[in-house]
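Me: I'd like to go through this fold with you and ask what stands behind the words we use for it. Could you take me through it?

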Amino acid sequence: MNAALLEVRGLKVGFPTPDGLVRASDTVDLELYHREILGLIGETGSGKTVLGMAILRLLQPNTVIEGEIRYRGRDLLSLPEDEMRKVRGREIGVVLQNSGTSLNPVYTVGDQIAEAATLHQGLKGSEARHRAVELLDAVRIPDPAVMAREYPHRFSGGMRERALIAMALACSPSLLIADEPTKGLDAVTKREIIDLFAEVNRDRSVLFITHDIEAAATLATRVAVMYAGEIVEIGAAGEVLSDPAHPYTRGLLASLPERGMRPIPGSAPSLITPPPGCRFSPRCATKDCKSEHPGLVEVGPGHYARCMLYDRG
Ligand SMILES: Nc1ncnc2c1ncn2[C@@H]1O[C@H](COP(=O)(O)OP(=O)(O)OP(=O)(O)O)[C@@H](O)[C@H]1O
Ligand SMILES: [Mg+2]
């Protein structure tokens, strides 16, 4: 495979709190290749959003960050803020979690997209407005020239999501970080947004953060599974989701409605004092690994799992 567009190496993210350091990312290693969609899944609180925000360097200033985040070979963590701002605008686009609230109600949708085009691509007045209509058309908003002049409240949830995707695409990013872009949408709209992603992202790489495993299965080239701040399994989407190696991934899949809806007993551990050994051990029915902390081990070509079933190291 060619060189990775994004390489995350030994990333640790900690939030200082009165109770101690919340280790939301703990030694995360990850590559994202050109034109691939990497699905990032895992229960709530596992560290998916934090990982996305760390890549964009949008975490609060007192966050403790270690490791490397290399984008086209440059370490984003050591870039001055003004350089990072350019990267954010021109190279890496983002559709944030809870994006329903990220459109400004007092400006028209077209003006907001035009502003993004002005900011990131230097387009002026009518050029930028024209680009906004083009982008709304690209994300399949009907009557884009008319809708560009409407305010966000006239847009349905699905249309707002499309508008936000249009805004993220305004800078033609090589990498798009999309955090739960289908959350809160009905089944039909969800399907449409997933199809839209497949279509508009043919030429770029996407970090697709989702709870929707079916969406990950449809869209993603590879899938990474997070548990308690660690990547516990990563590999080709078809393989990870049809033949998971990690007991946690198996549990996650078994908890889906279509697979019997058997939730994983117990709950995720504290990120301040994670259990010694395997972090999933307290909930794992397969193996008891309280003293050993497994590394990621290759269990098949390009398929890695962090589990003592495989780690004989
Ligand atoms: N600013 C912060 N201060 C302290 N803890 C934080 C902060 N931001 C996030 N966390 C903690 O970091 C952990 C990871 O959070 P994150 O938002 O990345 O989870 P997630 O996997 O995106 O969950 P969800 O699926 O619900 O979106 C959580 O335990 C969260 O409480
Ligand atoms: Mg999240």
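This is a predicted model: local features need pLDDT of at least 70, side-chain atom pairs count only at pLDDT 80 or more; totals for chains, interfaces and linings use all residues.

Me: What makes β4 and β5 a pair of strands?

Reply: Strands count as paired when DSSP finds at least two bridges between them. β4, residues 64-71, and β5 are joined by two bridges in the antiparallel sense, so the pair meets that cut-off. Across from R70 you will find D75 of β5.

Me: And why are β2 and β5 called edge strands?

Reply: Look at the order of their open, four-stranded antiparallel sheet: β2-β1-β4-β5. β2 (20-32) and β5 (74-75) each have a single partner strand, so one side of each lacks a neighbour in the sheet.

Me: Which strands stand at the edges of the eight-stranded sheet, and why?

Reply: That open sheet is mixed in its pairing and runs β6-β7-β8-β3-β9-β10-β12-β11. The edges are β6 (92-95) and β11 (296-300), because each has a single partner strand and one side is left without a neighbour in the sheet. From one strand to the next, the twist averages 20°.

Me: How do you know that β3 and β8 pair?

Reply: The pairing definition asks for at least two bridges. β3 (residues 37-41) and β8 (residues 205-209) have four, in the parallel sense, so they count as paired. I37 has V206 in β8 as its bridge partner.

Me: Which residues come nearest to ligand 1?

Reply: There are 16 residues around ligand 1, and F15, A24, T44, T49 and V50 come nearest. β1, β2 and α1 are the elements that give two or more residues to this shell, with α1 providing the largest share, three residues. By type, the shell has five nonpolar residues, ten polar and one charged.

Me: Why is α6 called mostly covered?

Reply: A residue is buried if 20 or more other C-beta atoms lie within 10 Å of its own. Twelve of the 13 residues of α6 are buried, so the helix is mostly covered. Among the buried ones are M159, R160, E161 and L164. Their cover includes β6, α3 (109-121), α4 (125-138), β7 and α7 (187-200).

Terms used:
Residues are numbered from 1 along each chain as its sequence is written. Chains are lettered from A and ligands numbered from 1 in the order in which they are written. Axes are lines fitted to C-alpha atoms, for helices over the stretch in contact, and angles run from 0 to 180 degrees between N-to-C directions. A residue is near a molecule or strand if its C-beta atom, placed from the backbone, lies within 6 Å of it. Ala, Val, Leu, Ile, Met, Phe, Trp, Tyr, Cys and Pro count as nonpolar, Asp, Glu, Lys and Arg as charged, and the others, Gly among them, as polar. Two residues are in contact if their C-beta atoms, placed from the backbone, lie within 7 Å.
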